[in-house]
Amino acid sequence: MKKLISVFLCLTLLFSLSSLAFAQEEKQPPVLFVAGMNTRDLVFLDDGSPAFPPSGDRIKSSILSAIIPLLVNGILMRSWDGAAKALCKAVNGIFEPCKMRPNTTSLYNVGIEPKPDTDTTSAEVYEQGGEYFFTYDWRYSPLDTADLLNDRINEILANTGCDTIRIYSHSMGSCVLLSYLEKYGHDKVSKLLFTDSAFQGMDFVGELFNGKVHINPDSLTNYVCDMVYGTDYAWVGGLMKFLKAVYLTDGVCKLANDVLIKNMIDTVCAEMRDFVFMLPGIWSFCPAKDYAACRKFVFGDTPAEEYRILVEKNDYYINNVQSKIKDILDSAIADGIGVAILTAYDRPAIPIVSSSVNQSDGMVDAKHASVGATVAPFGKTLGDDYKQAVNCGHNHLSADRVVDASTCLYPESTWFIRGIIHHSFGGDVDAFCYWVLDYDGQPTIHSDPKYPQFFDYDRDTGRLSVLGTAS
Ligand SMILES: [Zn+2]
């Protein structure tokens, strides 16, 4: 009997040990989230005082200092040039702490403050089933930030003893992640998920960096209505719709475009040059199709020597990272790494450029975040007669006939959420992200009926439901 018990005990021990070993073998690699722009505020590193977003006091004093020059120049002197300079002085004052030198270093001792809890690479996070975070100073070129991301990845892998890591990124984080893959390869990665990504740029930056500002009355109305939705100011939306219906908004926008903007834009661009155009992080948002024109607009045919480092970094990012997304991701997929893309649409874009008619998540154009979907303008559909552009044997046209995903770089692994705003994680979106991250191999829109290509977001409940495809 004793013998039998000891054999039984041995067997039990053996079984539990082997199941433990099996469980360890099955444990998925750690997860790292590469955050979007300004997830962590910029501060003066000497005393921790705010640099970006600017403090209320800084905004107030900058605006106050501009009011008298603006009135004197604009009304008394009737000088567009003087008024534009006064306006820019206020804006430059507000953003002074963010300024970069043309050699792509910070003008002031400004940056992100380390936060040991958030920045930890300790194995504890992994052991407890948590995820790691990567935040950064958004002003720098994603190429430079990619070096810091590489350090973070190496530290996490060393601490956890894992060979690979699963990474998901958001917005500007996708520019950084793509730069990392271009510079360091994908050997240490086992899954890639890009959400609301700016990695193909944003049309509004392509326009602004080419000195084009245009206020579209439809976009302005949509944008304001969207902003006040569900708030105490919802009546403002009704008012905006009324003003639009009686063509008042059209008139005001026309006046702003044809008089104000037309007369001030050249001076504004010249005055803002040392701030806006010196930020390589923002240059990474310029779509490749607009880049040559923007580069010429800002730096001329031959950039001066003082801008050499900045222009070289911008050139490299646009030509070797943004424009090479297919090569970079194809090569990862060929090595068995699952790649997924999540895009949001049906939120009005910032109404200060012509491209604000684009479908977006309020920030990034859906056609860019999805790497090539065919998307109807905001508030419109592709039409009842529209036929899916590429026939691959599946239906890739959304039920609302707004998105044709068949023209995406990866139509089988690109997902869309209608109605969600930029940077809306949590709840159902998190569940989807973790489904992708946990999926064994390459997830597709056919992998799980719970996660087809198109979702609808309910703004009141925050829940996702299946939107389906057009019949
Ligand atoms: Zn297909």
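These are notes on the fold of a predicted model.

1. Overall content. The chain contains 17 helices and 13 strands. Its radius of gyration is 25 Å, close to the 23 Å that the globule rule gives for 471 residues, so the chain is as compact as a globular protein of that length.

2. The C-alpha trace spans about 110 × 60 × 45 Å along its principal axes. Of the 471 residues, 43% count as buried.

3. Contacts along the chain. Taking contacts with a separation of 6 or more, 74% are between residues 24 or more positions apart.

4. The eight-stranded sheet. Eight strands make up an open sheet with mixed pairing, and their order is S5-S1-S6-S7-S8-S11-S12-S13. The edges are held by S5 (132-134) and S13 (464-466); each has a single partner strand, so one side of each is left without a neighbour in the sheet. On average, neighbouring strands of this sheet are turned by 20° against each other, direction ignored. As background, strands of a sheet pair through backbone hydrogen bonds, in either a parallel or an antiparallel sense.

5. The partner of S5 is S1 (residues 31-34), and the two pair in the parallel sense over three bridges. Within this pairing, Leu32 stands opposite Tyr132 in S5.

How values were computed. Residues numbered from 1 in each chain as written. Predicted model: local features only at pLDDT ≥ 70, side-chain atom pairs only at ≥ 80, totals over all residues. Helix = DSSP H or I, 4+ residues; strand = E, 2+ residues; numbered from the N terminus. Rg over C-alpha atoms; globule rule 2.2 N^0.38 Å. Buried ≥ 20, exposed ≤ 12 C-beta atoms within 10 Å, placed from the backbone. Contact = placed C-beta atoms within 7 Å. Pairing = 2+ DSSP bridges. Axes fitted to C-alpha atoms, helices over the stretch in contact; angles between N-to-C directions.
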